[in-house]
Amino acid sequence: MSKPNFLRRSVLCLSFTGRQLLMAGAFGIGALATGSSLAPSDARAAATKSVQEGQPVGVETVRKGDMPYVLSELGTVVPIATVTVQSRVDGYLTQILFTEGQEVNEGDLLAVIDPRPYEAQLKQYEGQLAADIAQLEEAKIDDARYQKLLKHDSVDAQTALDQHYKVQQLTGTVKYDQGLVDTYKLDIEYCHIKAPVSGRIGIRAVDKGNYFVAGQTDGLATLTQMKPISVIFTVPQDKLGLIWKRLRQVKELPVEAWDSADSTKLTTGKVGSLDSEIDTSTGTVRLRALFENSDEDLFPNQFVNAHLMVDTQRGVLLAPTSALQTGPNGTFVYVVQSNNTVSAKTVKTGISQGSTVVITSGVNDGERVVTSGVDRLHDGAKITLPDSTSTGNTDKAAK
């Protein structure tokens, strides 16, 4: 009898526990249901309140001003002249008269090749020239005498003619000798290697005492012209028309060179020429900007950002780019109305620079446009303006 009673008590306990679990689950579901019904209600209330009071937005005023049209392109510093200093004659280097990295002027003596072999050859040909000149003078005297005798039939005509041809032959020999003399004089001059341009000379490739050959691959050193210097950069072909038109009008366009990070201005120069053709592989055209580089802020092969001032549009409507929105009818802005509502107006834009854009049509000077908080706006929506609205002068970017 004890076992059945124990079993009944166990069944009763399990049944009681199951009822508790079911009640607890029902209570939890009800609580969740109650919570979920409250959240949408609060959201709807907040949304209704926002609609009644207006969407908070930021605005700025459209103003007239000047807009510079500046193209910023990556460029490379390229020297106007880079010369590998070569020798035109062979010989031993007897003197090196420059220091690596030195600034030299055009015509400065850089090195000397032993000139003595060329001086010896010069003396030899000068002696040969003197001997041939003496023979020529003697032949001219004989030719003059034969011509007189020929007039009196006192000499054979062939002999007189042969003497005349001998004078011409010796005249050619003297000219040949003179050419050899001039050649060796020039070789002696070439033994003195001079700077072909002004600039900075680099690391020398040949030391004193070595045999230097004319046309050697690395030459003596590389001489780079530093002042002035140029920057070559490319612009897209669709910008070429405006640039070329402006160049024909004003001859030169101002350009600024900024560092590779585009954070520091290095120097100011000008663009006066562009390449003769468009690169079909990139669809760009090259321009060369010239810089005085008096402080040598630009260094050969350095990467810089070239800011080309193409033109300045004066007295145009300027608006912040953050006000522009895109819709099915194109670009539009939300214009603030007098009753604190907004009106969506389609606009046409011109060039932009930084955070400012030119508006060519669609809005008027002095109108306020929405720049932030546009996510829930629509045409005719009510808005709330900040207590202190920043109407930021959009001319600042242009200046």
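Predicted model: local features only at pLDDT ≥ 70, side-chain atom pairs only at ≥ 80, totals over all residues.
Let me begin with helix 2, which covers residues 116–151. Just after helix 2 comes aspartate 153, which takes a positive phi of about 55 degrees.

Helix 3 can be examined in the same way. It runs over residues 157–190, and its 34 residues should span 50 Å at 1.5 Å a residue; the end C-alpha atoms are 50 Å apart, which agrees. At its N-terminal end helix 3 is capped by aspartate 156, where a side-chain oxygen lies 3.2 Å from the backbone nitrogen of glutamine 158. The buried residues of helix 3 include Ala160, Gln163, Val167, Leu170 and Val174, and also Tyr184, Asp187 and Ile188. What do the buried residues of helix 3 pack against? They pack against helix 2 and against strand 8.

Strand 8 leads us to a sheet. This is an open sheet of four strands in the order 8-7-5-10, and the pairing is antiparallel. Its edge strands are strand 8, residues 192–194, and strand 10, residues 211–212, each of which pairs on one side only. Strand 7, residues 109–113, is joined to strand 8 by three bridges, and here valine 112 stands opposite histidine 192 of strand 8.

Now to the interior. As a general point, nonpolar side chains in soluble globular proteins tend to be buried together. The largest nonpolar core in this model has 32 residues, and those with the most contacts inside it are Leu93, Leu110, Ile113, Phe212, Leu220 and Leu223. Strand 7, helix 2, helix 3 and strand 11, residues 221–224, each supply at least two residues of this core, while the largest share, seven residues, comes from helix 3.

I would like to set two threonines side by side. Threonine 224 has its place in strand 11, whereas threonine 99 is in the loop between strand 5, residues 91–96, and strand 6, residues 103–104. Is threonine 224 buried or exposed? Its relative accessible area is 13%, and because buried means under 20%, threonine 224 counts as buried. Not counting residues up to four places away in sequence, threonine 224 touches Pro79, Ala81, Thr82, Ser198, Gly199, Arg200 and Pro300. Threonine 99, by contrast, has a relative accessible area of 54% and is exposed. Threonine 99 and leucine 110 are 11 residues apart in sequence, and their C-alpha atoms are 9.2 Å apart in space.

Finally, let us turn to strand 16, residues 303–320, which runs antiparallel to strand 3, residues 63–79, and is joined to it by 13 bridges. Within this pair, threonine 76 stands opposite phenylalanine 303. Strand 16 is also joined by four bridges to strand 13, residues 253–258, again in the antiparallel sense, and there tryptophan 258 has asparagine 305 as its bridge partner. A further antiparallel pairing, over four bridges, links strand 16 to strand 21, residues 356–361, with proline 320 partnered by threonine 356.

One hairpin remains. Strand 18, residues 330–336, and strand 19, residues 342–346, run antiparallel and are joined by five bridges, and valine 333 stands opposite lysine 345. Five residues lie between the strands of this hairpin, in which asparagine 340 takes a positive phi near 60 degrees.

Note on methods. Residues numbered from 1 in each chain as written. Heavy atoms only, no water. Pairing = 2+ DSSP bridges. Expected span 1.5 Å × (residues − 1). Buried < 20%, exposed > 50% of the residue type's maximum accessible area, 1.4 Å probe, protein only. Contact = heavy atoms within 4.5 Å. Polar contact = N/O pair within 3.5 Å; in protein donor to acceptor, adjacent residues only side chain to side chain. Core = buried A, V, L, I, M, F, W, Y, C linked by side-chain atoms within 4.5 Å.
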